[in-house]
Amino acid sequence: MWKSIIAAVCLCIGSMGCSPGVSAGQAPAPTPAPEFTGIEHWFNSPPLTIAGLKGKVVLVEFWTYDCINCIHVMPQVKQWHQRYHDQGLVVVGVHTPEYDEERVAANVKAAIGRFGIQYPVAQDNGYRTWDAYGNRFWPAMYLVDRDGKIVYRHYGEGDYDATEARIRELLSAR
């Protein structure tokens, strides 16, 4: 009986969108990064495109402001932005709402201010960029190399050292 209960709990936790940490690591083969589509608002930046970011290393982070796991990841993402921006890293937060109040641009803008986010944030209320990436989790990080290919994925919290090592590796590749 306990095995059935534990299995059911694990299944429920595993199907939740706000993920505590699942590493997909390096993509099996680099795949072209989808464009940012269906973006209703851009914060901290004019609209960006993957094509326009070629030659840069891009960290695309899917998040939503009420997700506790997203809040836990935020200090690392902000630190990477501060540490590596001048070396060619562009962090793009893609805010994709889980709840109705997270769809309101003023609420997203307030959360960006409250959390001290300085990197560009795209508001993806229609899940079009989310769907283009085939994403299913908050938070989720995708590293895009200088050629516009997704070369690393990470879902949830943790593996910060591995993600940072991959960022450094991509920045050093010319």
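I call a residue buried under 20% relative accessible area, exposed over 50% and partly exposed in between, with a 1.4 Å probe and protein chains only. My model is predicted, so local features need pLDDT of at least 70 and side-chain atom pairs count only at pLDDT 80 or more, while totals for chains, interfaces and linings use all residues. Residues are numbered from 1 along each chain as its sequence is written, and side-chain values use heavy atoms, leaving out hydrogens and water.

**Pro47**

I looked up Pro47 and found it exposed, at 64% relative accessible area. Pro47 is in the loop between β2 (41-43) and β3 (57-63); strands here are DSSP runs of E, at least two residues, and helices are runs of H or I, at least four, numbered from the N terminus.

**Rings**

Next I turned to aromatic pairs: rings of Phe, Tyr and Trp (its six-membered ring) with centres within 6.5 Å, stacked if the planes are under 30 degrees apart, edge-to-face if over 60, tilted otherwise. I count 10 of these pairs. One of them is Trp130 with Trp138, tilted at 45° with 4.7 Å centre to centre. Both tryptophans, Trp130 and Trp138, are buried. They also belong to one aromatic cluster, together with Phe62, Tyr127, Tyr133, Phe137, Tyr142 and Tyr155.

**Whole protein**

I finished with the overall picture: five helices and seven strands, in the order α-β-β-β-α-β-α-β-α-β-β-α along the sequence. Of the 174 residues, 49% are buried.
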